[in-house]
Amino acid sequence: MPDNVIEVEGLVKYFGGRCVLDGIDLMVPRGCIYGLLGRNGSGKTTMIRILLGLEPATRGRTALLGQDSTALSAQTHGRIGYVAEGHNLIQNYRVQRLINLCKALSLQWDGEFFGRLIETFRLPMDRKVKEMSAGMRAQLNLALALAIEPELLILDDPTLGLDTVARRQFLELAIDLIQKQNRTILFSSHILSDVERIADRVGILMAGKIVVDCELDDLKDRVRKLRVIFPKELPGDLYLTEIINRQDRGREMVLTVANWNARKQTILDTFGPETCTELPMSLEDIFIECTRPVSASVVPESEV
Amino acid sequence: MNVRRYSVVNVVGTGVLVLILVCLGLFWARWFCELGRHVLLNEAIDRPQVRPSHLFPREQGSEPNVVSPSFVEGHLRVDEACALGLGLIQYVQNRLPEAPGSRSPVYSWDPDPDGVRVHLDRSLGLIVYRDKRKIRQSDGTQVTRKIILYAGPDGMAEKPGEKLGRFADPLVAREFNRSWIVYDHNLRRFFAIDWFQSTVRKGPQFAEDAASRPVQIGRLGKNTTCVWVNLREPMIRDLSQSPPQSDPDANTPDERLTELAEIYGQEYVHHQGYAGPTSPPTVRMVEAFSYGFDTKTTFVLDASGRIDLLDRETLEIVGRAAVLPVPETLFPHKRRDLVASADAFAYDFRPVFLGEERTYAGCAVAAVSRDATALALQVFDPNGQRVGTGSTYGYTERWSGLSSVRAAYFHLPGAPILTGLKYLLESMHPPVLLFLSHFTASRIEAAAGHRGVFVLPNSFVAMASRNMRYGPVRRFLEALPFILLSLGLAGICAGQVACGCTRLGISRKERLWWIVAAMLLGLPVVLTHRLTRPRTTQVTCRNCGRPRRPDMEKCHRCASAWEVPELTPPTWRVLDGGRSEQELVAMEAEPENEAAP
Amino acid sequence: MLTLIKRELYDQITYLVLASLLSLLVIGIMIYAVMLDIPDASFALGAFTLQGLLVVFCFLGAAQMYSDRANRISPLLATLAATRSRILAARVVAGAIVVLLALIPVAVVAIVLVHLLAPPLAFHARMIVEISTTVTLLGFASYCVGLYMGWTSNKILLVAGCLVLLMLIMPLFVVKGFGGEAIVILLLLIGAMLLRTWTNYTSAAL
């Protein structure tokens, strides 16, 4: 049984009368790079904040590094690096003062590594945080999160505001971190090419639920997009389950199906398609298909 | 800390905060009502007089040469009482060295380092006296030397020592005569300390079960800025200067002479000399002495309200001088003859000594009721017999002389409103504290009653409790109507809290606790409930259509499970294990049809 | 913890300086009154300034919590090696330091003046202890009022709430004097306000 660094059980969160998370269950094992994906407003940031104890959950249990999120000790906090969406930095402080504060409040601090990062990012020490650009704040936030040599790194859209070069630098840092043993990363990003590059596992949040939670390669294997051309008219009901999306154009049907297997292939073959071509999908394509609103994409299904 | 204990701690902490703040707010509201009543009364109250005072020999019978008889007047500054009752004033008063009733261990302190300084050294248990005196030496010369003397129950010496004994709980007469009278509660006897003779005399020891408990010696008084006894000596025609009054019927006070006597003070007055029948006669004022002079006797006030005469020589109680008179109260007082010192908000005592021998001629005593709306004045002859009484009246447009307490509460313009407001504010107080006020009413000292924030010794409930003519059950029944409104308000609060708990799905047991707390404490519990209740926006239950809490697994009204209809997630899932949940369910139903991916 | 305390003191240096200045002003008035023998006016002025000092303590507490919300300080600190309880404790300790730094010199000077002019301290030891304790607790209670009301983004509610609570709490020594009763009530008030502040702060979303 792998040691789970992040545990979420039955997590429910309401903001006022609006439900954002409706019973989330998630386990992230140690050493995993987990990409958490979702549309805007799907609850990614909310879940991360609940994990870190910054937001109270309405119901359910969350735990980080074996401790309940509502009772994380200072030691546990010291083992977690966090880059928040929007970069939670104290705006009135000068950079040097902020660095000194974070250094004083850390359990361990890799000064050399941090110095290299500051040089690489070329961050001014004497300027106030609010006077820096969004990208520079992002870089500073990242550097502070990495300098403490965290056992768990939580990144909420860390490359927001970074230019291409800085993004590449971040990715390289992340890979460097990955190679260190027992480091776990949970990150969410809208730049799926980055996620595809480094993540082991992905999770997709939609309508308050986790609809995808598996290894990246497994996901690509199990979600298939097929272009099927029928000789005559399209069949009304394919008797296939787990259709993510279906688009009909004359005799052509483009199907996106979850958990594709030989059984489903057999079912499709019974309708005698003329051709059945698989369309390759990147993670971005899969994400777009999976997060399409239900009413816009899914044909009512029936049991086989 | 688990969530349950966290919640209880939060509720208790918030409850304490709210209770204190509500009680403080109600205190100030009640205080301003009381101030209003006192300001109204101050305008309408009279000064009781005993005229003639019967303390002077010439006033016996119908002496025609008494031009202006003596009188004793009681002054009550009602508006001072509100301020005097406050804790800050009482705190300072009780610690000023030379104030009557002071508990300061400093008895006398001259700012001049060479002056007289006397204090109690608690660690030694001795009274220490410092002075500068001229000492005659053996060769006849005089030198000025600083002296320090230590006085204990067993003697006096220039150095402290165990042979002097220890004063454990001394009560010192603050009248600073030649000899100081001290009473020690532990040793149960009086002492006379003479700093000049360097002697300490002991009086007889009282029996252990003796009813006496002296609380003041010598100069007797309490809160004397709001009450004082004024004595005006008589004016007698000076027969050496002017002929006697021939008309026996013309024995009326001569206002002009009174005025002249006031101008010239209380000295013997020789005015112009007799120049004929139309000139005013020469008068002389009879001089009376009060405190500050060496007299054969001094006075001891007992906790029961009795004032005894103490012989300075024998240090024995030689008779009764007076009692603290009973001022009128809204509810009849338990005793009609005297009031305990702790039951009077203020009192003043004025003894009279006459002639060169300083013969004791009697005294006048005034005592003020707990709520400072009435004053009683009595005059006593040298044998302790009452010879005159007076009490305060309040005058309104409709009433030409009601007892001041009834005028203050019911008949002065605006008084009924203030009384009603007082009752209402007392009813908003937590019921359990009102009950406590009833049962502790007699135990709280009168001056402390004006600073009651939690327990209310001056409330109607407490006043009813002090009606000791009846037993405890009847007294409680008398007080019950005054508590009913409070209980009614508490019932409303309990209902509010119960509804709130039901609305929030709070468990039955917890709801019961809230209801009980509301019945006991009233308004503060409602506020506490509002501040500590779970803050969740309720959503409509799909099953029963009523609001339910999203932080509860099931609806607290219909127990239905949770549904979020506004979110429509897809039915498919791509989760670990290579199979979706649906496929797993389908596989379980038809295992022979399953094919490996 | 020391880092957090230093951070708080540095961030609220304005209030520390203001409190110290008012404290010096009170000391100056006391010495001036003694030298020129004008007790009444000086007493009134000194009492007024002391009340101003209590209001400053209140606004110190309010500023600490309000600026935390406005500048999002706790969302950063809570993700470092610190818990919310520690952050709040450091805040309270910093506030206590300011209160003591402002009031202790006043107490010391008062004691010296009493020693010079009045009967020896041994006679008044209990009174001096009671008055010093009550005034210090009153200062700390005023600070706790600010701390309690400061956790809001509504400035009007903040100011109004502080003023109402101060109006109730500050005159407590007038009602009860300086003795044990006032001390007990102040301790209960301080404990309850700190508990409530802790509950609000630890359960709030950052």
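In chain B, 57% of the contacts with a separation of 6 or more are between residues 24 or more positions apart, a contact being two residues whose C-beta atoms, placed from the backbone, lie within 7 Å. The structure is a predicted model, in which local features need pLDDT of at least 70 and side-chain atom pairs count only at pLDDT 80 or more, whereas totals for chains, interfaces and linings use all residues. Residues are numbered from 1 along each chain as its sequence is written, while chains are lettered from A and ligands numbered from 1 in the order in which they are written.

Chain B holds 12 helices and 30 strands; helices (H or I, at least four residues) and strands (E, at least two) are DSSP runs numbered from the N terminus. Of its 597 residues, 42% are buried. Here a residue is buried if 20 or more other C-beta atoms lie within 10 Å of its own, exposed if 12 or fewer, and partly exposed in between, with C-beta atoms placed from the backbone.

We turn next to the nonpolar cores, each a set of buried Ala, Val, Leu, Ile, Met, Phe, Trp, Tyr and Cys residues joined through C-beta atoms within 7 Å. The largest has 181 residues, and those with the most contacts inside it are Ala518(B), Ala141(C), Val145(C) and Leu189(C). Helix α3 of chain C (residues 39–71) is its main contributor, giving 11 residues. Domain 1 (4–216) and domain 2 (223–297) of chain A both give residues to this core, so it lies between them; the domain bounds come from an automatic or database domain assignment. Apart from this core lies another, of 100 residues, which includes Leu309(B), Ala344(B), Met463(B) and Ala464(B). As for Ala518(B), its contacts, leaving aside neighbours within four places in sequence, are Ala490(B), Cys493(B), Ala494(B), Val497(B), Val525(B) and Val526(B).

The two domains of chain A have C-alpha centres that lie 36 Å apart. Nine residues of domain 1 of chain A are in contact with six residues of domain 2 of chain A. On the domain 1 side, the elements that give two or more residues are α7 (192–198), β9 and β10 of chain A, and α7(A) gives the most, with three residues. By class, this side has seven nonpolar, no polar and two charged residues. In this scheme Ala, Val, Leu, Ile, Met, Phe, Trp, Tyr, Cys and Pro count as nonpolar, Asp, Glu, Lys and Arg as charged, and the others, Gly among them, as polar.

Two strands pair if DSSP finds at least two bridges between them. β6(A) pairs with β7 (residues 152–156) of chain A in the parallel sense over four bridges, and Val83(A) stands opposite Leu155(A) in β7(A).

The contact between chains A and B takes 29 residues from chain A and 22 residues from chain B. On the chain A side, β1 (4–15), β2 (18–29), β10 (209–215), α8 (216–222) and α9 (262–269) each give two or more residues, and the largest share, five residues, comes from β10(A). Chains B and C meet through 23 residues from chain B and 19 residues from chain C. Here α1(B) gives the most to the chain B side, with 11 residues, and that side divides into 14 nonpolar, seven polar and two charged residues.

Some backbone details in chain B complete the description. Most residues other than glycine have a negative phi, and most peptide bonds are trans. A cis peptide bond, with omega about -5°, joins Arg51(B) and Pro52(B); Pro52(B) lies in the loop between β1 (49–50) and β2 (66–68) of chain B. Arg188(B) has a positive phi, near 60°, and counts as partly exposed because it has 17 C-beta neighbours inside 10 Å. Phi of Ala559(B) is also positive, near 60°, and Ala559(B), with 11 C-beta neighbours inside 10 Å, counts as exposed.
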